[in-house]
Amino acid sequence: MFSVTPLAVSVALCMSAMMGFNAVAGPLIRALGLADWHAGAVVSVAGLLWMLSARAWGGASDRLGRKPVLLAGVGGFAGGYMLLALFVLMALPSPPPVLL
């Protein structure tokens, strides 16, 4: 029997992470010395890639099963955010006050 709960929870967590990034993108972009439009470009490209890859993820889910594809997607999302955090930490001249 198929349960929508794991899918709904994982999508909610991923969207929460993306919205959390949106909240800090402006100050972060300014701290890195980039133009404001760079933040918009990053968020726009992420949304566009999410939309364009949805069909492929759906097909993989039909072929391989929901659980392995969902775990791979959430794992990739978490790994991507960890790489983003590492890049930002290395690129900032001084660590954010939260890390001190």
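Predicted model: local features only at pLDDT ≥ 70, side-chain atom pairs only at ≥ 80, totals over all residues.

Helices are taken here as DSSP runs of H or I with at least four residues, numbered from the N terminus.

**Nonpolar surface patch**
- Leu7, Val11, Met15, Met19 and Trp50 form a nonpolar patch on the surface, and together they have about 430 Å² of accessible area.
- Helix H1, which spans residues 5–31, supplies the largest share of this patch, namely four residues.
- Val11 has its place in helix H1, and because its relative accessible area is 41%, Val11 counts as partly exposed.

**Nonpolar core**
- The largest nonpolar core is made up of seven residues, which are Phe21, Ala25, Leu28, Ile29, Ala39, Val88 and Leu92.
- To this core H1 gives the most, with four residues.
- When residues up to four places away in sequence are not counted, Leu28 touches Phe21, Val88 and Leu92.

**Salt bridges**
- The structure holds two salt bridges.
- One of them joins Asp36 to Arg30, with the closest N and O atoms 3.4 Å apart, and both Asp36 and Arg30 are exposed.
- Asp62 forms a salt bridge with Arg66, where the closest N and O atoms are 3.1 Å apart.
- Asp62 is exposed because its relative accessible area is 60%, whereas Arg66, at 42% relative accessibility, counts as partly exposed; the cut-off for exposed is over 50%.

Terms used: Residues numbered from 1 in each chain as written. Heavy atoms only, no water. Patch = residues over 30% accessible without salt bridge, like charges linked within 9 Å, V, L, I, M, F, W, Y side chains within 5 Å. Areas by Shrake-Rupley, 256 points an atom, 1.4 Å probe, with all protein chains shown as cover. Salt bridge = Lys/Arg side-chain N within 4 Å of Asp/Glu carboxyl O. Helix = DSSP H or I, 4+ residues; strand = E, 2+ residues; numbered from the N terminus. Buried < 20%, exposed > 50% of the residue type's maximum accessible area, 1.4 Å probe, protein only. Core = buried A, V, L, I, M, F, W, Y, C linked by side-chain atoms within 4.5 Å. Contact = heavy atoms within 4.5 Å.
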